[in-house]
Amino acid sequence: MSERSHKGSHGHAAKRHEAAGETHHETHGAAHEGHQEGHGATRHGTRPESHYDVICIGAGPTGLACAIEAKRAGMRSMVVDKGCLCNSLYHYPMNMKFFTTVERMEIGNLPMTTSGDKPTRPEALKYYRRAVEHYGIETRLYEKVLRIEHGEKREHFRVHTEDAAGDRYEHAASKVVIATGYYDLPNYLGVPGEDLPHVSHYFTDPHPYWNQDVVVIGARNSAAEAALDLFRAGARVTLLHRGAEMGKTLKYWVKPDIENRIRAGEIRAMFETRISRIEPHRVWVQNSHREEAIPAAQVFAMTGYHPDFSFLEAQGIRLDQVTRRPECNPDTLETNVPGMYVAGVVVGGRHTSDIFIENGRFHGRQIVAAMAGTEPITEPAPVSPPGE
């Protein structure tokens with residue numbers, strides 16, 4: 001599943017049309033002051049006026065599920081995010097269809113309805129908006145978390161945030177859940193020219209690239225779907241991959257489509273090929289035959305993403321040196337920092353394909369059961385991930 005040269009998203013987002021940046025807020029002045037009081041926040045480090053039982057950092061499906069489960073258990077919960085609601089989903093390709101069925105994306109026991117057997121991006125966004133409205137979940141969107149401070153008491157936290165205008169806030173909580181996902185940070189190629197304006201690690205809409213030479217790097221679902229969308233919008237597409245073939249986890253309806261387009265010569269594919277450097281209007285590649293320049297008005301490097309490990313470490317959470325998995329109790333998901341939990345894809349560390357909406361949405365039940373001291377809830381894992 002997947003966000004353009006918004007060079008990241010939620011932070012990289014700012015570099016393109018990307019609203020994903022995770023920084024901005026609602027209103028200012030007197031109206032804002034009133035809004036703050038209602039949400040228990042104060043400005044510029046002054047003492048919070050109210051207290052939350054749980055603050056969830058990250059307003060994706062997993063963070064929302066955690067906040068909903070907390071509220072259903074009688075706890076006061078809030079969600080804070082540097083971007084919009086479901087920021088990552090918002091930056092997925094506009095025409096994307098999820099790999100899974102509707103019931104496996106539901107949170108809070110609320111049914112999702114769609115026009116087909118698989119949800120589309122607009123349908124998923126609408127559903128999660130309605131879920132937040134239904135449960136009346138408090139949100140602080142477009143607020144970036146600067147730091148999480150341990151308060152005077154054990155398991156007491158102060159979450160310091162900042163909006164796009166530079167106004168700072170402080171939110172108090174007994175527990176904190178970190179569900180920040182991984183879509184903000186792309187896996188960079190590490191080649192010269194990767195930071196040029198026409199290079200993006202996110203793809204949303206093929207229309208601007210009609211009649212243009214476009215290079216797509218990668219061979220998993222995000223790369224295959226981008227290549228197909230671009231081809232059908234009239235772009236001249238070259239797909240580059242260092243491996244010998246397309247990824248083995250392609251969606252069942254994508255696999256024959258991309259293979260047939262390649263076989264017909266409608267999409268040029270170069271396998272076992274490495275990128276040497278990127279220049280304006282071209283990508284230099286190297287394979288066993290020779291080095292050559294591929295025309296490219298735009299480059300989409302669909303090379304995957306990873307969680308913000310530095311943010312986790314800054315909170316005192318210990319990470320495995322190899323897998324970068326956070327140290328946590330597998331039953332409760334509480335980390336080595338008492339009162340601080342992890343949820344969603346960040347639990348898997350570098351193994352971002354281990355956890356996705358279908359199983360990450362149940363982390364809220366585990367965490368809230370632990371907070372409430374009730375029996376841990378286990379859920380069966382989905383048969384397969386939704387595809388990257």
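Q: Which residue stands opposite valine 283?
A: Isoleucine 294, in strand 14, stands opposite valine 283. This is a predicted model, where local features need pLDDT of at least 70, side-chain atom pairs count only at pLDDT 80 or more, and totals for chains, interfaces and linings use all residues. Residues are numbered from 1 along each chain as its sequence is written, and side-chain values use heavy atoms, leaving out hydrogens and water.

Q: How many bridges join strand 13 to strand 14?
A: 6 bridges join strand 13 (residues 281–286) to strand 14, and the two run antiparallel. Strands here are DSSP runs of E, at least two residues, and helices are runs of H or I, at least four residues, numbered from the N terminus. Two strands pair if DSSP finds at least two bridges between them.

Q: And what order do the strands take in the sheet?
A: The order is 12-13-14, in an open sheet of 3 strands with antiparallel pairing. Strand 12 (274–279) and strand 14 (291–296) are at the edges with a single partner strand each, so one side of each has no neighbour in the sheet.

Q: Switching to helices: at what angle do helix 5 and helix 6 cross?
A: The axes of helix 5 (residues 221–232) and helix 6 (residues 255–263) cross at roughly 55° and come within 10 Å. Axes are lines fitted to C-alpha atoms, for helices over the stretch in contact, with angles from 0 to 180 degrees between N-to-C directions.

Q: Which residues make the contact?
A: Helix 5 gives Ala224, Ala227, Leu228, Phe231 and Arg232, and helix 6 gives Asp257, Ile258 and Arg261. Contact means heavy atoms within 4.5 Å.
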